[in-house]
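Here is a short tour to read with the model open beside you.

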There are 2 protein chains.
Amino acid sequence: MAKASAAPVKLPKRVYEARVPALREELVRMQVALQSAPFPVLLVIAGNEGAGKGEVVNLLNGWLDPRGVETFAFNEPTDEERERPLMWRFWRCLPPRGRMAIYAGGWHAEALAAEPRGRREFDEFERNLAHLAHFEEILAADGALIVKIWLQLSRREQRDRLRALEADPDTAWRVTEDDWNHHRDYKRRNTLAERMRRATSAPATPWHIIGAADTRARNLAVADLLLARFAAHRKLRPEPAPGKPQPVRPLRPAGLRRLRALPLQRELSEDDYESSRDKWLGRLNRAVRDAAQLGRSIVWVFEGWDAAGKGGAIRRLTSAIDARDCRVIPVAKPTDEEKAHHYLWRFWRHIPRAGRVTVYDRSWYGRVLVERIEGFCTAAEWRRAYDELNEFEAQLTDHGTIVLKFWLHLSKDEQLRRFRQREETAYKQHKINAEDWRNRRRWDAYEICVGDMLALTDRPNAPWQLIPADNKRFARLEILKTSCKQIAAALA
Amino acid sequence: MAKASAAPVKLPKRVYEARVPALREELVRMQVALQSAPFPVLLVIAGNEGAGKGEVVNLLNGWLDPRGVETFAFNEPTDEERERPLMWRFWRCLPPRGRMAIYAGGWHAEALAAEPRGRREFDEFERNLAHLAHFEEILAADGALIVKIWLQLSRREQRDRLRALEADPDTAWRVTEDDWNHHRDYKRRNTLAERMRRATSAPATPWHIIGAADTRARNLAVADLLLARFAAHRKLRPEPAPGKPQPVRPLRPAGLRRLRALPLQRELSEDDYESSRDKWLGRLNRAVRDAAQLGRSIVWVFEGWDAAGKGGAIRRLTSAIDARDCRVIPVAKPTDEEKAHHYLWRFWRHIPRAGRVTVYDRSWYGRVLVERIEGFCTAAEWRRAYDELNEFEAQLTDHGTIVLKFWLHLSKDEQLRRFRQREETAYKQHKINAEDWRNRRRWDAYEICVGDMLALTDRPNAPWQLIPADNKRFARLEILKTSCKQIAAALA
């Protein structure tokens, strides 16, 4: 990361004006090419106060076709944003593949504005930066082109720039007392920005420092850089080949052993169930209300074999929760808007507000289950997904969201019995189809994937609960009890 | 609208319990049928305080499969909602076709909570109700099944109910001082509710009053009603036949005359343009900032012939606006999520927050232009669309949003010249395709549709500005000037 120094001689106006028309044409050509490219472009324009972030953003918008680009600035979060994990507001502003977004100040502005001072504040600052770095890392891994530009001014250049803005009656209003305060605090703020850039630099997502003292040179440098990164990225990223099913071998046999060791023959009589059920439903109702009063939201994740009873368990569970505070999200085929985004985008969409509940009926774990088995994603993609899923859940729990994950486990015989029963019962026939039978033939492969999932994504902040589900009553009651305990522990 | 009186004898528990299992099965069957139905189901559960809205909503959620239904309650609007027109928050909570939503209190709760007293407040109350009625009317016309239930308690029943809730330690917390205040104010509030129901009743969206004193009878009545309405609706609504192009004849020849009378030969020299442009861009910049400071948002609508220069005009316009406050929405083929909703849903999505700007490059007027011509919607649909579009814009302008609508008009010869130029210029070739030539062959039909659009949707709150666009410079300057004037007038 080389620090640019101000050019001693400024770029002459006629040189600049001679270059602009060709540059604009190239930018629009880039946009046309982008339309059919399998990735989005994210352009961050950050920099010191007075370096002209807003100017550059507006200039680019003028040069580009505004129909293919959207601009975001992250000022004060709205209350809907504040009630969700930090990164939610950035996820909701991501362009789909084939489109471009410009971020004035980037998602980094908020972290920088925090002005950490003591040790604890610095720790939080670093933690926030780690979230941002991870955000960029997984988007880049998914193919996004992320171009991050830091417009740099030295202390002296900043002073000159602020003075020049003040001297012009058309721009004087843009210089505030805050700008001068920031200027006096230049050294500390500059060090902070360096720390930020270091923490969020990676080979795929480097920071580019562009000297901003010479505004014309700055403008050309920004456009040139964008064009160069786009051209290089496009060459690197050929249209992805559709995947195909691969042989499945365990990554972590311990998970498979844990799964197989689960005793499935659990008995619970109708009477015992009836007598306990209402007690636990009442407790769950209180636990959820207690969480809501503290502004804590809850996310339930239900995974399990076909016919393991996820639907019934969810029904039982939600019957204890006020329907006005609860959403059940059935996870099926993604919509085309969802397909045009990172695979986690469709789950971020439904993250609940403070005090609310979302129940995911199947979830982001599809990435390491069905997508792994069917080859819907590449081996590299599902392999890195374990970390991505852990980090996603860490972001939820760091925010205070309580994450409850259930795997409903079934014996192969019991599944067969239930499939047959569904086929024979008129109003259950819609619940069974060829795909269920197909998945059943791949039982062993699924078992391996579930084992790996358990081994690699069972974390103290979001542990997996294995539920023996051959006996439906036992499973339902177990889910109620475990949920109550986990919520109580999280609130303690 | 018959008023139910409390049943003198309550429904025995055993009768109730004997009916419930079959009812639940029917409800789930309904949900399965709904999945492939070409309409959504909207169920409103409203009623007097203490009538058990929450209870009924939760009960239904327990009976239904929670994966196919979502529940909403409109409490305090969030700040993102408050910054947009009244109906935005309801549009964002609509289920797509094939799914169901339950609204506790409905979208009517807020209007009822207003407690109008003087003449002016009553006028506003009635105006809000008219918006709600219109909302229901257009959704119903689009095929939605809207079932609205009012759970009714007499004054005495309400008192008994509140007392019973207070007597039970498990439910005592649910009775607040407010409930008793409402009870003392029963007569006035009941009259208000009657007025609300009258104002929002229509043949397709009637209110059903269900006596709520006997909770078991109430529960059965709600479920029975929902099932009956669904069954009847499904019979009435066969899968819609795909449309086909129809001969186009003018509805209002005056519009066509106005269009044809527009002088297209307007000259503006390069020099005159250059000298005026910056002045008007500066004025526009100030006008938009003035609007933002007052929290007023702006919506620009650009319609016009292919190659009329919409893109260039939008670029010129947005160059005067801070990109961070402005979004350009290119309106092309709807996504599958958009297709699963009412045709206005995709435009409501992008309505700007307070002080922000949205530019629609093509718009909701596609309904009465391309959709009318190509038969993408039925004759009944595009015929009623004029009113729907007027009402949509009235909702925006009532909220304070400034709506600027431009039709860029071109001679047929000039279009031909531009098409040829596009084909001959390498970097413009992506801007011309077979569809453009196809649309050109239907010039006369489009002209008629544009004329009807002008005649039927040119309103004082959102007038159409006809822009002669054979000369691009003239058109761009005209758009800048007209926009400045219209914004200034709106702020005056």
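The largest nonpolar core has 225 residues, and those touching the most other members are A:L43, A:I45, A:L408, B:L43, B:I45 and B:L408. A nonpolar core here is a set of buried Ala, Val, Leu, Ile, Met, Phe, Trp, Tyr and Cys residues joined through C-beta atoms within 7 Å. Buried means that 20 or more other C-beta atoms lie within 10 Å of a residue's own, exposed means 12 or fewer, and partly exposed is in between, with C-beta atoms placed from the backbone.

Please keep in mind that this is a predicted model: local features need pLDDT of at least 70, side-chain atom pairs count only at pLDDT 80 or more, and totals for chains, interfaces and linings use all residues. Residues are numbered from 1 along each chain as its sequence is written, while chains are lettered from A and ligands numbered from 1 in the order in which they are written.

**Chain A overall**
- Chain A has 21 helices and 10 strands, which are DSSP runs numbered from the N terminus (helices H or I, at least four residues; strands E, at least two).
- Its C-alpha atoms fill a box of roughly 85 × 45 × 40 Å along the principal axes.
- Of the 492 residues in chain A, 37% are buried.

**Where the chains meet**
- In chain A, 36 residues are in contact with 36 residues of chain B (contact means C-beta atoms, placed from the backbone, within 7 Å).
- On the side of chain A that touches chain B, α2(A) gives the largest share, five residues.
- That side of chain A divides into 11 nonpolar, 11 polar and 14 charged residues (Ala, Val, Leu, Ile, Met, Phe, Trp, Tyr, Cys and Pro count as nonpolar, Asp, Glu, Lys and Arg as charged, and the others, Gly among them, as polar).

**Two helix pairs**
- Helix α13 (residues 310-318) and helix α21 (residues 472-491), both of chain A, pack at about 45° with axes 10 Å apart; axes are lines fitted to C-alpha atoms, for helices over the stretch in contact, and angles run from 0 to 180 degrees between N-to-C directions.
- That angle makes α13(A) oblique to α21(A); under 35 degrees counts as roughly parallel, over 145 as roughly antiparallel, 65 to 115 as roughly perpendicular and the rest as oblique.
- Among the residues that meet are A:A313 and A:L317 in α13(A), and A:A475 and A:I479 in α21(A).
- In chain B, the axes of α11 (residues 253-260) and α20 (residues 443-457) come within 7 Å and cross at roughly 105°, which makes α11(B) roughly perpendicular to α20(B).
- The contact of α11(B) with α20(B) has eight nonpolar, two polar and three charged residues.

**Residues to look up**
- A:L408 touches residues including A:W305, A:A313, A:I467 and A:A475, leaving aside those up to four places away in sequence.
- A:V301 sits in strand β6 (residues 298-304) of chain A and is buried, with 23 other C-beta atoms within 10 Å.
- A:V301 and A:W464 are 163 residues apart in sequence, with their C-alpha atoms 9.5 Å apart in space.
- A:E115 is not a glycine, although its phi is positive at about 50°; A:E115 is exposed, with 11 other C-beta atoms within 10 Å.
- B:A307 also is not a glycine and has a positive phi of about 70°; B:A307 counts as buried, with 23 C-beta neighbours inside 10 Å.

Conventions. Contact = placed C-beta atoms within 7 Å.
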